[in-house]
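Subject: Structure handover

Hi,

Here is the structure we discussed. My notes follow below it.

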Amino acid sequence: MDAPLLRFERVSKSYPAAKGTRNPAALAELDLDVARGELLTLLGPSGSGKTTTLMLLAGFEQPDTGRILLEGRDIARLPPHRRGIGVVFQSYALFPHMTVAENVAFPLEARGVPKAERAERVKRALEMVRLPQYGDRRPAQLSGGQQQRVALARAMVFEPPIVLLDEPLGALDKALREEMQLEIRALHQRLGLTMMYVTHDQSEALTLSDRIAVLSGGRLRQIASPRQVYDDPADGFVAAFVGENNRIPAELLELRDGVARLRLADGAEMSARSADALPGGPCVLMVRPERVSLVAADAPGALPATLAEALFQGDHIRLRLMLRSGAEIVAKQPPGAAVPTPGSSVGVAWAAAHARAFRDEAAAR
Amino acid sequence: MRAALWAIGVLVLLFLVLPILVVVPLSFSAGSFLTYPLPGLSLRWYAAFFASDFWLPALWNSLLVGSASAALATLFGVPAAFGLWRADFPGRRIMMAVILAPMVVPAIVVAVALLLAFGPRGLANTFGGLVAAHAMLGVPFVVVTVLAALSRFDAVLLRAAAACGAGPWRAFFRVCLPRIAPGVAAGAVFAFATSLDETVVVLFLAGPGQRTLPRQMFAGLNDEISLTVMAAATLMAALSVLLLGAVALLQRPAR
């Protein structure tokens, strides 16, 4: 089997804290493999360790412990300019006093590539990002999206083994962001580029990635394909952070073969697939709003609920429902669905395969 | 109220500028005395200035010492500013205070100290000694203007340069220096201007071979009240205005 292109081995990092306090680790014992040609997204809220991971890889920070192996070589102590990694910065960080072509040529210049070859490779890189005629412009004369493409061209013109992208689309508006997501994905596939992409936007991560690494509190919570992260989250944090999820407090009665038997606060019992729930501890039942269906109040297996509100959202109708236990849940219905009037009694149901039981981290703390 | 404020402002400005402006017409006087009204206009004092082997070598000396000390101050000041900007290290504030000290320590103290330090080492009465002393006086101006330029420089660009494979030297010369060049040039001009009008240190340190314009004016006023001094003064003022203009031009906000 191929060795991974990039490997983080028990990498830890903490930043010095103010006097007398101790900072929690920004990154705790991270183990992570990236395969050649893969687009891996680091997804997490701010402070999750995703940016720290990127900084450690780019060389702008040094790990306290652990090794970072790129093509089998430990680069954890190398200065950034010796690592040969392409980086796209959140602010683009184009050199304002250089033209677009000079910006893209800079990594080649730094590597002593002869002038004639430089021009040829710059031209190819600019064609790659669909800006062939913009070589003579200054960065300030370009739109945000164009600057982002120049930054991409500059990061890959020297054919690095891996390109890092630090929330590169954060400054763009929604439509442009979605367009650029597809463009980055297309570039990645066309060139077979290995990319590590940092974002806090879960929908961006789902769109782009081959695999998503979800981080929180400096720990890796799950690393899997977008589909798996969405459908089969490893813990309650991932379930809540990626996509929308209903949380219903419950008590775990029994756990057998990965199936949990739960009792809700109103006494109703139901089963769910268990990810990490432990018997005896508080737990939550999670089910995606699009998996919740509306049935008659007296249908067998249905939970009785009161419809609090129905909001038309264009591509779907969003229902807010109150369960008898006091928990509030959200259900999504297709736009054409018949919706009862608010205040009426209904039943909600879902397939047990779509419900997950998790340890309740908030309550356990 | 507004009018009163304006009036006070104008009066203060006049107080600052008039003494200098009074000198200018005198330098064009056809007579030989420091008195108004002028007996007539002529360029005789300028002709005397440029024909004199008392004044002309002093002018060249001033320009030479100014250029050399400005170059030296820039050579030391730019890396100092860069280091102070880049790194937060213990003693940073103290180092900053030491670098800026020549701006606040009385000139006479600096001059005496330099004479005591340079004398035994054979640096007094030498061109090198004077340049070194003036460079020291110029460094704080370079550091302050370059720090101001760096505060507008986006440090992420240095990271970007490193990510492009550029080592620290290339990153500095290709990415940082072009961005802060106007600040560096302004600092050099300030250092040059500092040297140009510096008198006290020159009085202590300069030998006969290093007499600068202010030094000769000082001597000229004592020996003979010739209006050539006024021509020299006007020339110096004009030079200062030019330098100030250059700084203003350099520090104009970029496109």
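Predicted model: local features only at pLDDT ≥ 70, side-chain atom pairs only at ≥ 80, totals over all residues.

The face of α5(A) turned away from its buried side carries exposed residues: A:A175, A:L182, A:A186, A:Q189 and A:R190. Residues are numbered from 1 along each chain as its sequence is written, while chains are lettered from A and ligands numbered from 1 in the order in which they are written.

Now the buried side. A:R177, A:Q181, A:I184, A:L187 and A:H188 are buried in α5(A). They lie on the same side of the helix because they cover an arc of only 130° around the axis, taken from the directions from the helix axis to the C-beta atoms. The buried residues of α5(A) pack against β3 (39-43), α3 (115-128), β8 (195-199) and α6 (202-208) of chain A. Contact here means C-beta atoms, placed from the backbone, within 7 Å.

Helices (H or I, at least four residues) and strands (E, at least two) are DSSP runs, numbered from the N terminus. A:G192 follows α5(A) and has a positive phi, near 65°.

A:R10 has a positive phi, near 45°. A:R10 sits in strand β1 (residues 6-13) of chain A. A:E159 has a positive phi, near 50°, and is found in the loop between α4 (144-156) and β7 (163-166) of chain A.

Best wishes

Definitions and conventions. Buried ≥ 20, exposed ≤ 12 C-beta atoms within 10 Å, placed from the backbone. Contact = placed C-beta atoms within 7 Å.
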